[in-house]
Amino acid sequence: MHVNTLRYITNSIPVIALVSLAGVAAAAQAPPPSGEAQLATMKQYCTGCHNDKAKIGGASFENVTAASIAQKPELFEKAVRKLQGRVMPPTGAKQPDGKAVDSLVAYLEDSLDKVPEEAHISSDQVLHRLNRKEYENAVRDLLLVDVNGAELLPPDDTAQGYDNIASALQVSPSFIEQYVIAAHNVAATAFGKADSRPQGWSFRAGPGTQLTHVPGLPLGTRGGILAKVNLPADGEYHINIADMANGLWGNQMEYENPLVVTVDNKIVYETVIGGEADTKFFDQVQNGALDRINARLKNIKFQATAGPHNIGVTFRRQSFAQSDDQLQVYEPGGGQDRSYRVNSFQLLGPFDAKGLSSTPSRDRIFICNPTKDKNKTPETCAKEIFAALAKRAYRRPVTNDDIADLMQYYADGVKQGGFESGIKEGVTGMLASPFFLYRGERLPAGLKPGEKYAVTDLELASKLSFFLWNSIPDDQLLDLAVKNKLSDPATLDAQVKRMLADARSKTLASDFVFQWLDMERLDAIVPDRDVFPYASGRLDPRQDYRTELTLFSDSILREDRSVVDLLNARHTYLNERLALQYGITDVKGDEFRRVELKDSARWGLLGKGAILMAAAYPNRTSPVLRGKFILNYIEGVPAVNPPPGVPALNDKDIGTTKALTVRELMAKHRASPTCSSCHAVMDPLGFALENFDGVGMWRDKDRFANAPIDSAGELPDGTKINGPDDLRNALLRHPDQFVQTFVENLLTYSMGRTHEYYDMPTVRRIVRETAAKDYKFSAIVQAVVRSEQFRMRRVPQPEPVQSARK
Amino acid sequence: MFISKKHIARRRVLQGIGATIGLPLLESMIPAATAWADTPAGKTPKRFAFIGFPHGAIMDRWSPKETGTDFTISPILQPLEPFRKHLTIVSGLRNKPAETPEPHAYIEQGWLTAVKPAEFGKAGPDSGVSADQIAVRYVGQDTRLPSLELSVGQGSARLAWRTPTQSLPQESNPRAVFQKLFGQGDTDQERAQILAETGSILDRVQGQAQRLQASLGVKDRVVVGDYLDSVREIERRVQMAEKAHNSELVIPDAPVGTPNEITDYFKLMFDLMALAFQADITRVITLSMDHEASMRTYTNLSIAEGFHPLSHHGNNPEKMDKLVKIQNYHAQVFAGFIKKIEATKEANGTVLDHSTILFGSDMSNSDRHNNDPLPSAILGHANGKIKGGQHLKYPQDSRHGELLLTLLQRNEIPVKSIGDGVDGLSEV
């Protein structure tokens with residue numbers, strides 16, 4: 001089990017030796033070599049260390065024959081990567097010429113692809129606990145309730161950077177406790193409560209100025225908070241907005257800020273904070289001024305029905321002459337606003353619950369109503385309701401046992417509060433059931449250990465929907481599966497197409513792409529205020545960068561373009577704020593929209609702020625981290641962590657006392673021979689991006705060293721590059737290397753198990769097959785779905801049952 | 001005119017809200033109940049509360065004139081007179097290592113660390129860790145919540161530092177605090193119902209898990225085995241909770257949110273703190289009564305100026321009187337908390353006997369933003385290790401860090417220093 005093969009520790013400086021950007025493909029397309037010459041190369045150059053006596057790294061190639069490859073595929077897959085990356089033979093040792101290495105790689109790959117290896121059809125654990133995001137999406141699709149998984153459930157462990165790996169999704173008592181609590185909460189939200197007691201919700205604004213329009217709030221407003229809330233009953237609700245008259249000494253009161261409260265985009269309350277009268281209050285009355293101004297922000301009442309509502313507390317945008325702009329800047333990145341922020345507000349209610357209007361969730365649940373439908377007893381109705389919901393929740397046809405369980409909950413609930421309570425308890429029980437929380441695959445009877453079989457159509461339906469939607473299957477998928485029609489190749493292709501076209505597939509961008517590129521790292525990069533006053537604090541661009549990356553990747557996948565376009569596409573999605581970060585001045589307003597990029601440095605993933613920032617430090621760029629990023633996630637050559645005892649660069653040297661450029665610092669670092677052999681390969685990749693500063697903005701000069709940026713470097717194959725365009729073009733010369741990395745990652749995400757050496761023949765096959773289709777995204781997904789890894793399972797060898805918990 | 005109209009409306013509504021938010025907790029609070037602490041025989045629980053207020057105190061009306069046991073209570077601390085045998089007033093201390101030219105921003109961060117924020121972590125891994133969080137390491141593992149960090153009012157305060165770089169967020173919404181303490185359900189009846197429902201869920205999911213297990217491969221069955229183990233553990237906890245539910249401690253209904261009236265708000269927070277001690281949900285609580293440079297108005301005391309501008313009193317007697325009024329009011333709401341935990345009996349005494357409570361500020365004279373001498377008062381006896389009933393006056397430049405160290409050491413916490421505190425105060 002590889003629970004601990006977590007992604008390489010991100011803060012350490014990786015060491016990687018010579019890496020070729022000359023990929024696999026050139027060699028792979030030539031006719032397969034015979035073997036003798038290639039094995040001779042191996043003996044000549046590798047056995048100095050990898051012989052039977054020294055066995056360095058546990059490997060010997062002394063008596064290597066064609067048969068050894070089939071005997072030790074794991075070792076030879078490793079050798080392929082080392083050779084592809086030109087990590088071996090190490091710097092300083094005698095080197096074969098490039099063509100000989102390409103030919104050896106092609107030979108080894110060809111041999112490995114022919115090994116009749118079956119381990120890729122897993123007999124390992126496949127029972128998946130729903131992770132936070134899957135739970136969130138499942139609850140939304142099942143009951144039309146929006147919940148925040150991060151608030152409801154404990155964080156999930158990851159393996160190889162993915163949060164959907166079955167073996168890492170362990171369970172502990174606190175998980176059980178929180179899943180049961182979550183079930184109560186979700187059911188309470190979905191049902192509402194006709195006689196609800198007053199409750200309270202608090203909403204806080206994120207950081208940043210509130211000078212621009214918040215998407216979802218009425219046009220003509222600026223800033224504020226948009227809260228999506230699911231109210232428990234019809235009735236009167238109150239809003240209390242946080243004090244605004246709280247500036248020291250009461251200054252900043254002289255400008256009028258017209259405030260509005262909206263419920264579903266209708267104004268329910270208006271007032272003005274600041275202006276002449278309030279200033280006079282402060283100056284002349286003083287006593288009570290604060291309290292009387294802030295009183296206008298309290299006890300704002302409105303009537304609302306049960307169910308989902310959008311509540312907005314925002315300001316009317318003023319005309320240009322009145323100006324909502326910042327008044328003056330007295331500190332970098334800051335300033336005295338004449339425009340207030342809504343920092344937070346509290347919603348309370350219902351104060352006089354008047355029953356329940358119909359809500360989308362209730363309509364979804366109550367498909368049968370015994371008071372309206374006189375032909376049906378409450379019990380019949382309950383069974384009907386449970387059958388419909390449990391089919392989706394458990395993702396299979398419902399059994400008598402299922403209904404019997406749910407009817408027990410129903411009976412408990414009826415005693416407490418009649419039909420409604422009965423159904424609610426049943427739904428709570430359903431959400432806490434292992435049939436909902438776990439997706440498993442049944443072991444068919446009558447097969448021998450080691451035998452392989454295809455998963456059932458029902459299991460296939462779940463696999464597809466969790467892969468492509470990160471959620472439960474819909475009725476169409478389930479119905480096809482029940483009729484055993486889903487596995488029919490034409491039907492399967494059609495369903496994959498349909499699912500990719502569905503809006504729910506945006507999780508491939510927001511979840512898969514983010515995990516593949518380790519965008520979690522972005523959360524930890526809080527830009528340093530002293531170094532980046534223009535992109536920190538309330539000007540922190542990270543949230544906009546995330547939105548851009550999601551929209552950009554989604555556009556490539558959704559338009560079914562070649563995945564290579566991820567590296568090369570000339571468009572992106574920007575709003576005014578982000579456009580200004582990119583030096584583009586003709587994008588206006590807060591909404592993200594598609595923009596064709598004139599500046600080629602910004603094309604593709606490597607020009608995107610999210611990536612440039614995630615592979616940097618909070619206070620400076622890091623050519624090493626960016627080089628490592630490209631190797632790991634673009635080229636698929638895993639970086640190795642540095643040997644113990646290697647000191648990190650002292651950040652204190654940066655731009656402060658000694659005012660060295662990052663390049664000069666790195667040069668100091670490379671003076672050590674231990675470091676130089678590897679960094680010589682990695683650093684040029686990162687240096688090519690040096691014109692992008694630590695927060696992803698373009699620069700021509702190092703401000704602290706007062707020196708121009710030097711982005712020149714040389715790749716291992718001797719190619720001289722200078723700047724992002726050269727780097728991108730060098731990578732694009734071997735697009736198959738990038739596609740191989742993409743396929744490897746997509747396959748891992750689709751299987752929900754860790755990536756292993758025996759998956760490589762499949763990965764290479766998919767790359768070869770989809771080359772003819774221009775590496776179109778849908779072609780790659782179809783190939784993954786058809787792969788044995790995705791479709792097949794093997795009967796495990798019997799083992800004594802023991803606890804998996806360490 | 002608009003404003004006054006609004007004002008009337010607001011007052012009327014407040015009465016309505018008062019009935020739903022304030023009263024259940026405030027008035028029907030726990031009589032002399034028994035606390036739930038479940039500690040091994042012969043061992044009494046050790047509890048800590050650190051309660052800070054901003055803007056210091058008018059020192060000559062904070063410190064009593066006389067020292068020793070026979071002192072006349074000072075005007076600000078008057079509300080604590082009924083508890084004088086539990087009260088130790090410590091005068092004359094200075095928090096020199098935490099002094100910074102930044103008047104408000106950093107002052108609260110130095111109160112429990114005795115280090116200035118810019119130097120957190122420099123003198124060692126624990127430099128900049130606050131006294132409450134050091135206590136948590138020794139007394140936090142026995143309760144469901146290792147510690148509870150709270151604040152009254154909007155704006156953020158940063159008293160509690162778990163590490164030199166991580167401050168703990170202080171919750172200001174009483175509803176959120178309540179749910180942290182008691183979980184779901186707004187009323188006693190709802191909580192009982194949810195507990196029962198949870199019991200039957202846990203019962204039934206075991207049957208379902210066994211059905212699921214039957215159809216799975218070996219390794220998957222192990223996973224379900226782990227799941228079942230976890231379910232049984234939670235079942236055990238639920239049974240414990242049900243038992244506790246039947247104890248005589250009355251848990252009030254959940255508050256709706258943050259009350260608009262400051263007295264309701266204070267009482268609610270202090271009541272929740274008392275409940276957390278009584279129900280033994282946590283043994284370490286840190287509370288900021290307001291944040292530095294706050295603009296709160298105390299209209300309940302007929303003081304309509306913002307707290308911060310008022311604190312720059314410029315030796316204006318009228319303003320100083322108003323400040324004393326506010327400071328006395330803080331002592332008064334705090335005394336309500338002391339009254340409750342004094343009334344709660346447990347093995348070998350009361351909750352107050354077993355508590356160590358620091359009530360003070362990291363500022364002295366707010367007009368000049370100085371930190372010398374600090375207002376500090378200890379309530380409680382640390383299981384008999386703190387005498388109580390005296391006013392101690394230390395010479396100029398005595399160290400505030402010694403006080404923090406003393407509070408921990410008297411509770412047998414083996415810490416050698418906090419900030420500049422290395423010796424402790426033997427007289428306490």
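Is B:Asp253 buried, partly exposed or exposed? Select B:Asp253 to begin. This model is predicted, and here B:Asp253 is partly exposed, with a relative accessible area of 26%.

**Stop one: across the chains**

The side chains of B:Asp253 and A:Arg197 form a salt bridge, 3.8 Å from N to O. This pair crosses between chains. B:Asp253 sits in the loop between α7 (218-245) and α8 (262-278) of chain B. A:Arg197 sits in the loop between α8 (173-191) and β2 (199-204) of chain A.

**Stop two: along one helix**

Go to helix α5 (residues 98-114) of chain A. Select A:Lys114 and A:Asp110, which are four residues apart, about one turn of the helix. Their side chains meet in a salt bridge of 2.9 Å, N to O. A:Lys114 is exposed, because its relative accessibility is 59%. A:Asp110 is partly exposed, at 23%.

Select A:Asp502 and A:Arg504. The closest N and O atoms of this salt bridge are 3.1 Å apart. A:Arg504 is partly exposed, at 22% relative accessibility. Next, pick A:Glu77, A:Glu109, A:Asp113, A:Arg764 and A:Arg768 together; salt bridges with shared partners join them into one network. Over all chains the structure holds 70 salt bridges. Side chains of opposite charge can pair when their charged atoms come close.

**Stop four: the cysteines**

How many disulfides are there over all chains? The count is one. Select A:Cys368 and A:Cys381 to see it, with sulfur atoms 1.9 Å apart. The link is left-handed, with -65 degrees about the S-S bond. A:Cys368 lies in the loop between α11 (360-365) and α12 (378-394) of chain A, while A:Cys381 lies in helix α12, 13 residues apart from it. A:Cys368 is buried at 2% relative accessibility, and A:Cys381 is buried at 0%.

Now select A:Cys46. This cysteine is in no disulfide; the nearest cysteine sulfur, that of A:Cys49, is 9.1 Å away. A:Cys46 is buried, with a relative accessible area of 16%. A:Cys49 is also in no disulfide, and is partly exposed at 37%.

Ten residues line the largest cavity, and the closest to its centre are A:Asp518, A:Arg521, A:Ala614, A:Phe629 and A:Tyr633. Select helix α24 (residues 623-635) of chain A, which gives the most to this lining, with four residues. By class, the lining has six nonpolar, one polar and three charged residues.

Key. Residues are numbered from 1 along each chain as its sequence is written. Chains are lettered from A and ligands numbered from 1 in the order in which they are written. This is a predicted model: local features need pLDDT of at least 70, side-chain atom pairs count only at pLDDT 80 or more; totals for chains, interfaces and linings use all residues. Side-chain values use heavy atoms; hydrogens and water are left out. On a 1 Å grid over the protein atoms alone, a cavity is a set of points where a 1.4 Å probe fits but cannot get out, and a pocket is an open set with protein on both sides within 12 Å along at least five of seven lines; lining residues have an atom within 4 Å of a point. Helices (H or I, at least four residues) and strands (E, at least two) are DSSP runs, numbered from the N terminus. Ala, Val, Leu, Ile, Met, Phe, Trp, Tyr, Cys and Pro count as nonpolar, Asp, Glu, Lys and Arg as charged, and the others, Gly among them, as polar. A disulfide is a pair of cysteine sulfur atoms within 2.5 Å. Buried means under 20% relative accessible area, exposed over 50%, partly exposed in between (1.4 Å probe, protein chains only). A salt bridge is a side-chain nitrogen of Lys or Arg within 4 Å of a carboxyl oxygen of Asp or Glu.
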